[in-house]
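Have the structure open and follow along.

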Amino acid sequence: MPFDIQKIRNDFPILSRKVNGYPLVYLDNAATSQKPQQVIDCIVDYYSNYNANIHRGVHTLSQEATDAYETARKKIQTHFNAKEAYEIIFTAGTTHGINLVANGFSEILKKGDEIIVSAMEHHSNIVPWQMLCEKTGALLKVIPMNEEGILVFSEYEKLLSEKTKLVFVNHISNALGTINPIAEIIEKAHEVGAAVLIDGAQSCSHIKPDLQKLDADFYVTSAHKMCGPTGVGILYMKEEWGNKLPPYQGGGEMIAEVTFEKTTYAGLPHKFEAGTPNICGGIAFGAAIDYLNAIGFEAIEKYENKLLKYATEKLLEIEGLKIYGTGPDKTSVVSFNVEGIHPYDIGTIVDKLGIAVRTGHHCAQPIMEFYKIPGTVRASFAFYNTMEEVDALVAAVKKAKLMLS
Ligand code: C6P
């Protein structure tokens with residue numbers, strides 16, 4: 001299918017609105033993506049026609065809702081190439097999935113065990129592991145990164161030993177756009193018997209991972225990053241880990257049998273899905289995956305790479321502008337500062353011109369500490385952005401620079 005940018009943009013109603021009198025230029029896609037009409041229609045259809053609780057009722061609505069929810073799980077399984085649909089656990093999002101795994105490992109890790117995290121993680125892939133270390137006495141080690149915002153692989157290799165039990169790394173850094181070599185990271189971790197959790201929050205909208213080929217133990221992501229709704233995501237868990245880890249929460253639907261003396265738990269995935277889930281969210285996540293696959297990830301990647309290259313070249317023409325994250329393997333994020341100007345001030349001025357970017361530490365404070373900066377301006381792109389929108393950003397940053405320096 002040819003990549004028809006105008007046709008794609010027409011699918012996103014929000015893209016035709018104005019902000020502060022200017023056409024919206026939405027460049028905060030790493031925070032959350034916009035939603036196409038197809039996903040919005042799916043949500044309206046669910047609540048208009050078959051809203052019911054799932055896995056519980058014999059009545060028709062409940063069965064329709066259950067079928068749609070389980071069909072979405074299968075679509076997600078196929079998309080990420082998990083071996084079994086029951087290895088896909090529905091969660092509230094990436095943060096929830098990470099906390100679920102960390103909670104499970106609190107019963108497995110012992111004092112003196114080591115876990116490894118990278119220097120470019122989002123807080124949600126740092127704090128739960130610190131909490132886990134406090135509980136268990138395990139030690140947290142950090143893979144350092146260099147000035148370009150690339151992980152130093154040789155240092156990672158040195159950190160690995162038979163004490164290493166877990167490695168956590170994001171596929172793509174939300175603050176730098178660096179694509180990490182997750183296949184090699186997983187391979188090395190497995191050589192010492194450690195499990196690996198991949199945080200796919202930033203990669204899921206740009207790259208289609210093959211979880212079986214990667215041999216990841218855990219993979220987490222959020223639907224809202226890939227054109228789906230907020231409040232829903234997935235945790236992929238290899239079956240052997242699903243059987244090993246204890247449940248995260250107790251409640252309805254996660255049990256096999258309950259008496260006051262003893263409860264036995266349901267099998268995967270229900271063991272980890274206590275309570276009424278975000279049913280509509282799960283179904284709409286499936287619709288979002290259908291939407292993205294209809295465009296095709298190869299086409300998305302190719303187009304977004306062009307956007308990134310163009311934005312990088314144009315922004316670097318501005319004197320005093322410095323980009324953070326300059327490695328060769330990058331996608332869809334340009335994080336920058338203009339000498340002498342606070343990122344927040346640039347963000348505020350470009351917003352007055354209708355342009356949405358994120359400013360600050362992007363929930364990745366250790367990266368800011370590494371560069372000794374308070375934060376950055378982050379423009380993050382999606383396949384529905386255009387070269388003209390990049391031009392608008394560059395013009396707005398130039399204007400902000402004139403006003404502020
Ligand atoms: N990053 C950003 O603006 P949740 O909030 O659970 O859906 O995703 C958390 C998360 C985890 N890992 C990475 C790499 C992420 O980028 C995010 C979310 C957003 O960069 C919001 S802070």
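Sort the lining of the largest cavity by class and you get seven nonpolar, seven polar and two charged residues. Keep in mind that this is a predicted model.

**Largest cavity**
- Searching the whole structure turns up two cavities of 30 Å³ or more, and the largest has a volume of about 110 Å³.
- Its lining is made of 16 residues, and if you want to find the centre, look for N29, S205, H206, F381 and A382, which are the closest to it.
- Both domains take part here: domain 1 (5-30 + 296-404) and domain 2 (40-293) each supply at least three residues to the lining of the largest cavity.

**Second largest cavity**
- This one comes in at a volume of about 40 Å³.
- Which residues line the second largest cavity? They are H55, R56, E253, H270, E273, G275 and P277.
- By class, that lining splits into one nonpolar, three polar and three charged residues.

**Where the ligand sits**
- You'll find the ligand in the largest pocket.
- Why does the ligand lie between domain 1 and domain 2? Residues from both domain 1 (5-30 + 296-404) and domain 2 (40-293) go into the shell around the ligand, so the ligand lies between them.

**The shell around the ligand**
- There are 16 residues around the ligand, and the ones that come nearest are T95, D199, Q202, S222 and R358.

**Polar contacts and cover**
- T95, one of the residues that come nearest, has a side-chain N or O atom 2.5 Å from an oxygen atom of the ligand.
- Q202, also among the residues that come nearest, places an N or O atom of its side chain 2.7 Å from an oxygen atom of the ligand.
- For H224, the distance from a polar side-chain atom to an oxygen atom of the ligand is 2.8 Å.
- How much of the ligand's accessible area does the protein cover? On its own the ligand has 510 Å² of accessible area, and the protein covers 87% of that.

Note on methods:
Residues are numbered from 1 along each chain as its sequence is written. This is a predicted model: local features need pLDDT of at least 70, side-chain atom pairs count only at pLDDT 80 or more; totals for chains, interfaces and linings use all residues. Side-chain values use heavy atoms; hydrogens and water are left out. A residue is near a molecule or strand if one of its heavy atoms lies within 4 Å of it. A polar contact is a pair of N or O atoms within 3.5 Å; within protein, one must be able to donate a hydrogen and the other to accept it, and residues adjacent in sequence count only if both atoms are side-chain atoms. Accessible areas come from the Shrake-Rupley method with a 1.4 Å probe; for residues, only the protein chains shown count as cover. On a 1 Å grid over the protein atoms alone, a cavity is a set of points where a 1.4 Å probe fits but cannot get out, and a pocket is an open set with protein on both sides within 12 Å along at least five of seven lines; lining residues have an atom within 4 Å of a point. A molecule sits in a cavity or pocket if more than half of its atoms lie within 2 Å of its grid points. Domain bounds come from an automatic or database domain assignment. Grid points are joined across faces, edges and corners, and a volume is the space filled by probe spheres set on the points. Ala, Val, Leu, Ile, Met, Phe, Trp, Tyr, Cys and Pro count as nonpolar, Asp, Glu, Lys and Arg as charged, and the others, Gly among them, as polar.
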